[in-house]
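Please read this note with the model open beside you. It sets out a few points to check by eye.

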Amino acid sequence: MAADAAHDASDQALDVPMPRRIADAVEVSVYIAHACLRREDGQIWCWGGSSSDRLGNSCEFQRSDDEAIPTPTGVELTASSVSVGTAHTCALQDDGVWCWGGSIEGQLMAIDRIMRCPERLAIERPRSVLAVSGGGCVISEEGLLSCWGQGEHGELGAGANNEPVVEATPIPLTNVAQVSVSADHGCARTSDGVIYCWGSNEFAQVGEPPGPDEFTPRRVEGLPLATDVVAGHEHSCAIADGDVWCWGANYRGALALGDRSSQSGPVRTLVRGAGTLARHGGSCAIHLDGRVSCWGTSSSGVLLAGREEVGPVTI
């Protein structure tokens, strides 16, 4: 109860207006205090908390106000993917990885720096990129995974790292098609649909009963072959058989079960007919018909309605 009270005190919902409708969104990424979407033309629009310039819209002058509705970044990108972390955002396009926001402990391969405007990182030939809570990850064209940043709970999948890692570190997995890493754990999907997770397992977010940190990837049992996976705040979700499956902590409705019961292994949620997922304390899914549903907690207007939902709500 004390832990739940501490969590509830740390996030306060904002009174925000109804969302701006964006019909051509093809990808959305959500974290604790901000979110970004990618449009069909590759442009990135972000909203939520603006601290550390995580929204990427301070290229010409410093902005300090939170954005309750999606706003375009200051650099016109033609990205093929986008991902947000604690205080930073990264996008992948043909010429490499572009990131912006705070890089205090190696999140953007730098120490004690804030990137107000999108900048290209020194990463060669990435196939995909992910911004994570304490750093970032890339998948190579050969399906190999590497990550950097903080890893004290094993969230980088390569043992405990108490000091920031500013260079990409190999993770012991092959044939990786997708990766998602949250504040203290991560999950990856292989090309044949198998899900592996690692890092903190305090709330069963790795897919095992609550226990010690897992410093190397472990296969998630009891889950059909998946097409998408996300590591959220003390929970994880995947899409299998066209539906969303989740496991881990659920005190804020992050598992979309319609209640607050936590789960130590994968369970089918109320979200059906989903195509892609976004993640963190509150999660979102883009349905096959183009609708966007979100559930869980809302801080800085991330869910566009300043509220908490234990079941999915179309926005």
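The points below go from the whole chain to one strand and its partners, and then to one cysteine.

1. Basis of the values. This is a predicted model, in which local features need pLDDT of at least 70 and side-chain atom pairs count only at pLDDT 80 or more, while totals for chains, interfaces and linings use all residues. Residues are numbered from 1 along each chain as its sequence is written, and side-chain values use heavy atoms, with hydrogens and water left out.

2. The chain as a whole. The secondary structure comes to one helix and 24 strands; helices (H or I, at least four residues) and strands (E, at least two) are DSSP runs, numbered from the N terminus. Of the 315 residues, 58% count as buried. Buried means under 20% relative accessible area, exposed means over 50%, and partly exposed lies in between (1.4 Å probe, protein chains only).

3. Surface and contacts. The chain exposes about 12600 Å², with carbon and sulfur atoms supplying 49% of that area. Accessible areas come from the Shrake-Rupley method with a 1.4 Å probe, and for residues only the protein chains shown count as cover. Among contacts (heavy atoms within 4.5 Å) between residues at least 6 apart in sequence, 47% join residues at least 24 apart.

4. Strand β18. Why is β18 (residues 235-240) largely enclosed by the rest of the structure? Six of its six residues are buried, so the strand is largely enclosed. His-235, Cys-237 and Ile-239 point one way, Ser-236, Ala-238 and Ala-240 point the other way, and all are buried.

5. The β17 side. Strand β17 (residues 226-231) runs antiparallel to β18 and is joined to it by five bridges; two strands pair if DSSP finds at least two bridges between them. Ala-231 stands opposite Ser-236. The two strands form a hairpin with three residues between them, and Glu-234 in the turn has a positive phi of about 65°.

6. The β19 side. Strand β19 (residues 243-248) is also antiparallel to β18, with six bridges joining the two.

7. Cys-59. Where is Cys-59 found? Cys-59 lies in the loop between β3 (44-48) and β4 (67-72). Its relative accessibility is 28%, so Cys-59 counts as partly exposed. Not counting residues up to four places away in sequence, Cys-59 touches Gly-74, Val-75, Arg-116, Cys-117 and Pro-118. Cys-59 and Cys-117 are 58 residues apart along the chain, and their C-alpha atoms are separated by 4.7 Å.
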